[in-house]
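Opening the notebook on this one.

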Amino acid sequence: MSNRKSTEDRTGKGAAPSLNQYFENDPVPVYSNIFDQLSNNASAMMSSVIDSSSQNMNREPVVTPDLSTLKLDDQSSLKSKPSEVIASSALNLQKDKSKEEPVICRIFSSSSSDSATSESKNFATGTAFFDMLSSDSPPTPQFEEELPSPAGRESANNPRLMLSTSDFMHPDGSFLGSTSKMSAPFCETDGISDELFITSGSHSTPGGTGEADRRRDAWIPSNRTRLALITAATSPSGIHSSDRDLLTMPGVVLEEDLVDNVGHVVNLCLGENEAMQRKVLTVNDVTQDERGLRELIQAECYKAAINLTGRLLTIYGQGIRGSSHPSKLHTVHSTQLWFTRFTLLVKLQQFSLAWDEAEPWRDLDQPDLYFQFYPELYGGRIGSMVPFSMRLLLAELPQYVKKPEIAMERLHSILAIVRKMLSNLRSNRSEDGSQLELSQNDRMESKKFWAARETRILHSITNCALYQREYSLAIQIVEQLLLKPRFEPSLLVKRSLYSALGRIYLQLGDLAGAEKYFSYSKKIKEIYQKDNPNHQDIRELVDYGLLALANNSLQAAYEHFRKVSIIDPSNIMVLNNIAVCLLNMGRLKEAYKLLEDTVNSNPVLGLNEKVLLNICTLYDLECLNTSKFNLLKLISKYKGDSVNISCLNLGPNI
């Protein structure tokens, strides 16, 4: 019997959150590489509307520092730098021909930028995986609440639209999607992973032997893994062997290529002639290497990109059915190719498939994931070749397949290791506890670097807590970031954290608590503007717009969001919220006309699933099915193969 797995039964639909995300395109940074095509969009919004009747949390409020004593921190900490890794050069390894990596156009290099500077100066830049992933929020759970109905109107006249409330945190302390790029000057490279980019100012060495590489790769192996690595290092070159249980044996589970469902729906609804006009790249239309992968991602053909990663992994002996035997070797390139694949799978909400393919990687502590396991390839290089963002990704992944306790356990395990590394640094040891000699400057940079990564883990735990509605834990962590930071955060980061607390209290239905923390955020802004009179952002307007909406003050919410749209007219999140306000004020035609204009004037930005779902919900009220077909034409013209066509509500059979 064939064991082929189809796409349809591996999409994780049963566990998948609703498709209420959208993206905002930002200019592509000049230093971006393969993942910038996933990262140049603003954050997706989680849609949950505050139910003011929700149970308030009985707890003591966070201790509030005297705002009059706040001082402006060194603003150099607000300037983010792109960090680490994609370069065109290959590993400078001294090895014989028989031990070389498979010859493909390499997607990733082993080098990185001086990420110690990058992550320590701006812990907002050391983005957690889900922030790197097109700056989208983590996939959103299905617990949208119906907006409060305006007085005198029946709820039947108020369809359930998705409000952009931004419930997941950025590493800057704000919520994902809560503000536009304009309002986060400390996060200029928002969404760019520290493991995935390299700048011209990189201090890495080709062989990965520089201090920046050592710092980034550092990790504490388990005792079992440590002993296996000692065996590998002391065995004759190329002759060490290990217990099969100690090895990673990854393989591509899905045997069938993912397909372009958009083209099928266009053919079904609009006819063959219209379908023939759709131009979308497939895996066979591009070169079978890094260039082809970049081209597919740039065209938003993420399904085809996943198909190509499967082919490239086959070259490493990790393709289909590869999980039945150990791969020939792991390299930085093969590991990051897997990271690319996991990234794309999660982006497309293929959670069950990602979970199955991630299973062989376990806790990422197997000996063959460390450089020491390959002394003939990497010489004396030590540390883990697993990107830190990949650790966070695979730690968070279980919650999307209804295993939240595993996600929390993994994240806390990573947190414990990072805190042990910080303790080692404070005890004049290296990160892994060895007696490696470090200069005073290198030790301080390492402390900052790993403190920044500790903060990233705390953000991931906060996001998981919010996903699971564990609001008490989320508040506890944000309070910890405010009151007990490893390094004093900047004034703008403090402001973001107070805003984040306010939005968590909104989710609790504690409007008084939300207003209090929004007021603290506002006061910090006023202090900051004394020395930066030209600074402006939309955080305050969005905060109070959401608060007004929760209070059922629709006109006030409308006015706040309108002011934001004047400052940032391309902010899709705000335009969507304006439409929600219009609908609840009984101005249905104005609501869908606004969203239509948003899509038609800028289809690249406007054609996102959340806005499309809201428009089509309004179309259903007006019985405007033909208008849905116009949207389908735009999707066919401007979008790749990654759009979930169900957002158009075309019918149960489509």
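This is a predicted model: local features need pLDDT of at least 70, side-chain atom pairs count only at pLDDT 80 or more; totals for chains, interfaces and linings use all residues.

L511 has 16% relative accessibility, so I put it down as buried, the cut-off being under 20%.

L511 belongs to helix 18, which covers residues 511–531. I also checked a C-alpha distance from there: L511 and A550 are 39 residues apart along the chain, and their C-alpha atoms are separated by 7.6 Å.

Next entry, D543. I found D543 in helix 19, residues 539–550. With a relative accessibility of 2%, D543 goes into my buried column because the limit is under 20%. What does the side chain of D543 make a polar contact with? I got the side chain of R503, at 2.5 Å. Setting aside neighbours within four places in sequence, I listed S499, R503, F518 and S521 as the residues in contact with D543.

Then E431. I looked for E431 in a helix and ended up in a loop instead, the one between helix 14 (404–426) and helix 15 (440–467). Buried or exposed, I asked of E431? E431 comes out at 0% relative accessibility, so it counts as buried. I noted a polar contact of 2.7 Å between the E431 side chain and that of R214. Beyond the neighbours within four places in sequence, E431 touches R214, R215, A218 and I220, and also M421, N424, L425, S446 and W450.

How many cavities of 30 Å³ or more does the structure hold? I counted six. I picked the second largest cavity to go through, and it has about 50 Å³ of space. Its lining, as I wrote it down, consists of R216, D217, A218, W219, S384, V386, P387, F388, R391, W450 and R453. Helix 4 (211–217), helix 13 (388–396) and helix 15 are the elements that give two or more residues to that lining. Sorted by type, the lining residues of the second largest cavity come to six nonpolar, one polar and four charged.

How values were computed:
Residues are numbered from 1 along each chain as its sequence is written. Side-chain values use heavy atoms; hydrogens and water are left out. Helices (H or I, at least four residues) and strands (E, at least two) are DSSP runs, numbered from the N terminus. Buried means under 20% relative accessible area, exposed over 50%, partly exposed in between (1.4 Å probe, protein chains only). A polar contact is a pair of N or O atoms within 3.5 Å; within protein, one must be able to donate a hydrogen and the other to accept it, and residues adjacent in sequence count only if both atoms are side-chain atoms. Contact means heavy atoms within 4.5 Å. On a 1 Å grid over the protein atoms alone, a cavity is a set of points where a 1.4 Å probe fits but cannot get out, and a pocket is an open set with protein on both sides within 12 Å along at least five of seven lines; lining residues have an atom within 4 Å of a point. Grid points are joined across faces, edges and corners, and a volume is the space filled by probe spheres set on the points. Ala, Val, Leu, Ile, Met, Phe, Trp, Tyr, Cys and Pro count as nonpolar, Asp, Glu, Lys and Arg as charged, and the others, Gly among them, as polar.
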